[in-house]
Amino acid sequence: QVQVVESGGGSVQPGGSLRLSCAASGSIFSISVMSWYRQPPGNQRELVAIVTSNGSTNYRDSVKGRFTISRDSAKNTVYLQMNSLKPEDTAVYYCNVIARDSLGNAFGSWGQGTQVTVSS
């Protein structure tokens, strides 16, 4: 089983920056994909950014050029650096980890979410 814990959310004015962190722990042999999702108020959860085991990244169009996803494989940790934040970035941000244990069993685990509020 894999546990995922996010941190780093908060309130910031438009144009500001925040850095989210997500640490995975438990019966992890390898992690293939780490990603960030968000759920704006009254909307469905949406994919924000993804990073694979070989370092490939992808972003939703609305955050390209402003957000950067990175991972520290040695620490089983993924980060989301968010710059030039806009009110429409306000959401609960969730980390998702797809991992395998030593038996080859695959697990997809979610964190509890961290609130990001962008408001003047």
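## Figure legends: an all-strand predicted model

**Figure 1. Secondary structure of the predicted model.** The protein contains 0 helices and 11 strands, and the model is a predicted one. In sequence order, the elements read β-β-β-β-β-β-β-β-β-β-β. The protein is as compact as a globular protein of its length, because its radius of gyration of 14 Å is close to the 14 Å that the globule rule gives for 120 residues.

**Figure 2. Dimensions of the C-alpha trace and contacts along the chain.** The C-alpha trace extends over about 50 × 25 × 20 Å along its principal axes. Of the contacts between residues at least 6 apart in sequence, 55% link residues at least 24 apart.

**Figure 3. The largest nonpolar core.** This core comprises 28 residues. Trp36, Leu80, Met82, Tyr93 and Val97 have the most contacts inside it. At least two core residues each are supplied by strand E1 (2-7), strand E3 (18-26), strand E4 (30-39), strand E5 (46-52), strand E7 (67-72), strand E8 (77-82), strand E9 (91-100) and strand E11 (114-118). Strand E9 provides the largest share of the core, with 5 residues.

**Figure 4. Burial and the accessible surface.** Of the 120 residues in the protein, 40% are buried.

**Figure 5. Placement of the charges.** The protein carries 10 positive and 7 negative charges. The mean position of the positive charges and that of the negative charges lie 3 Å apart.

Key:
Residues numbered from 1 in each chain as written. Predicted model: local features only at pLDDT ≥ 70, side-chain atom pairs only at ≥ 80, totals over all residues. Heavy atoms only, no water. Helix = DSSP H or I, 4+ residues; strand = E, 2+ residues; numbered from the N terminus. Rg over C-alpha atoms; globule rule 2.2 N^0.38 Å. Buried < 20%, exposed > 50% of the residue type's maximum accessible area, 1.4 Å probe, protein only. Contact = heavy atoms within 4.5 Å. Lys, Arg positive; Asp, Glu negative; His and termini not counted. Charge placed at Lys NZ, Arg CZ, Asp CG, Glu CD. Core = buried A, V, L, I, M, F, W, Y, C linked by side-chain atoms within 4.5 Å.
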